[in-house]
Amino acid sequence: MRFLLLGLVAASISLGAQVNSTPAPTVRTLPLEPSLDVSTFALWDSVPPGATGTLTPEETPTMTVFLPPRGKGNGTSIIIAPGGSYLHLSMNLEGRAVADWFTTKGVTAFVLKYRLGPNNLYPIPLEDAQRAVRMVRSHAKEYGLDESRIGLMGFSAGGHLAAMAGTSFDEGDPSATDPVNRVSDRPDYLVLGYPWLNAMQPNNTGKITYCSQLKTVPPEKCKSYEQTYTPSLHVTSRTPPAFIYSTFDDHTVPVQTSLEFYSALLTAGVASEMHIFRHGAHGSGLGSSDASLDQWPNLLEQWMRDQGWLTPTH
């Protein structure tokens, strides 16, 4: 399968293409930007599963790859899912800035643009995340990556998405026509920043929920989502090890949800690490120059170094 590279201007996508009546739109192929080592490609070279109506750039899930400096890659990669309440994506604060940080550590970073909003209800975002892991794994050799060192990271809603992908994976279908679907979608490690792990759980404390944000979700679906898409309910011994950080006074997502997920990891025997900072606003990205929160990337680096993920593969 070939990568479909997208330009920064998505005029190459046929805006009038109807999913059910015309062939999938073609996308203009562009090389890597030689001075930045950045490119974007579509997750599917045809109509994505679950797509309806007009296939617009907003409805096309993609990944943008950020490469380490030439010759400095260590074989480890990470897919980053920005947050945004499943209504929008914080692509700069929780995407590009984080990807740039990883590349300085020799890690190849992929920023995921997954489908969201009322027209892309669950499980569509999860399917995009799972496809992203398969995509990186199936093309690992082309990027000089280790197939067993693929991480998935998410902030807020992206943290919920990453945790769901880390608790609902399979080993791939060896007989699949699409070679990408023949490989596993299990991430090898998770990084969760102030994750919205209770997104599907109802509450009476005024906190936001998935169904209150996306007001078009039918009540019966909301009820089924509570069990199906709450990550802490699906942790097993096969769940990838996780690095989690939250703040005590997060007024958007209660820290208790991270504690519940960590407790489930502990019960399942999945060695993980969690840091709870006393103060810190939700949506702080790499720390937002907060004297305390600025330390969490250093803690993450040490955790990854301890696992050997920052040691170059041969």
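1. **Basis.** This is a predicted model, in which local features need pLDDT of at least 70, side-chain atom pairs count only at pLDDT 80 or more, and totals for chains, interfaces and linings use all residues. Residues are numbered from 1 along each chain as its sequence is written, and side-chain values use heavy atoms, with hydrogens and water left out.

2. **Overall fold.** The protein has eight helices and nine strands. These are DSSP runs numbered from the N terminus: helices are H or I with at least four residues, strands are E with at least two. Of the 314 residues, 53% are buried. Buried means under 20% relative accessible area, exposed means over 50%, and partly exposed lies in between (1.4 Å probe, protein chains only). Take the contacts with a separation of 6 or more: 77% of them join residues 24 or more positions apart. A contact means heavy atoms within 4.5 Å.

3. **Cores.** The largest nonpolar core has 53 residues. A nonpolar core is a set of buried Ala, Val, Leu, Ile, Met, Phe, Trp, Tyr and Cys residues joined through side-chain atoms within 4.5 Å. Met-63, Ile-79, Tyr-86, Tyr-114, Tyr-122 and Tyr-210 have the most contacts inside this core. Another core lies apart from it, with 25 residues, among them Ile-80, Tyr-189, Leu-293 and Leu-300.

4. **Tyr-114.** Leave out residues up to four places away in sequence, and Tyr-114 still touches a list of residues including Pro-82, Tyr-86, Leu-89, Pro-125, Asp-128 and Leu-161.

5. **Helix H2.** H2 covers residues 124-138. From first C-alpha to last it reaches 21 Å, close to the 21 Å expected at 1.5 Å a residue. The expected span is 1.5 Å times one less than the number of residues. H2 is mostly covered, with 13 of its 15 residues buried.

6. The structure holds ten salt bridges. The criterion is a side-chain nitrogen of Lys or Arg within 4 Å of a carboxyl oxygen of Asp or Glu. In one of them, Arg-134 pairs with Asp-185, with the closest N and O atoms 3.1 Å apart. Arg-134 is in H2 and Asp-185 is in the loop between helix H4 (157-165) and strand S7 (189-193), so the pair ties together parts 51 residues apart in sequence. Both residues are buried.

7. **Other charged pairs.** Glu-171 and Arg-238 meet in a salt bridge at 2.8 Å, N to O. Glu-171 lies in the loop between H4 and S7, and Arg-238 in the loop between helix H6 (219-228) and strand S8 (242-247), so this pair ties together parts 67 residues apart in sequence. Arg-238 is partly exposed, at 39% relative accessibility. Asp-188 and Arg-186 also form a salt bridge, at 3.8 Å, N to O. Asp-188 counts as buried at 14%, and Arg-186 is buried at 15%. Lys-105, Glu-301 and Arg-305 are linked in a network of salt bridges.

8. **Surface.** The accessible surface comes to about 13800 Å², and 54% of it belongs to carbon and sulfur atoms. Areas come from the Shrake-Rupley method with a 1.4 Å probe; for residues, only the protein chains shown count as cover. Ile-276, in strand S9 (residues 273-277), is partly exposed at 41% relative accessibility.

9. **Pro-312.** Pro-312 sits in the segment after helix H8 (296-307). Pro-312 is partly exposed, at 48% relative accessibility. The C-alpha atoms of Pro-312 and Val-107 are separated by 9.7 Å, though the two are 205 residues apart along the chain.
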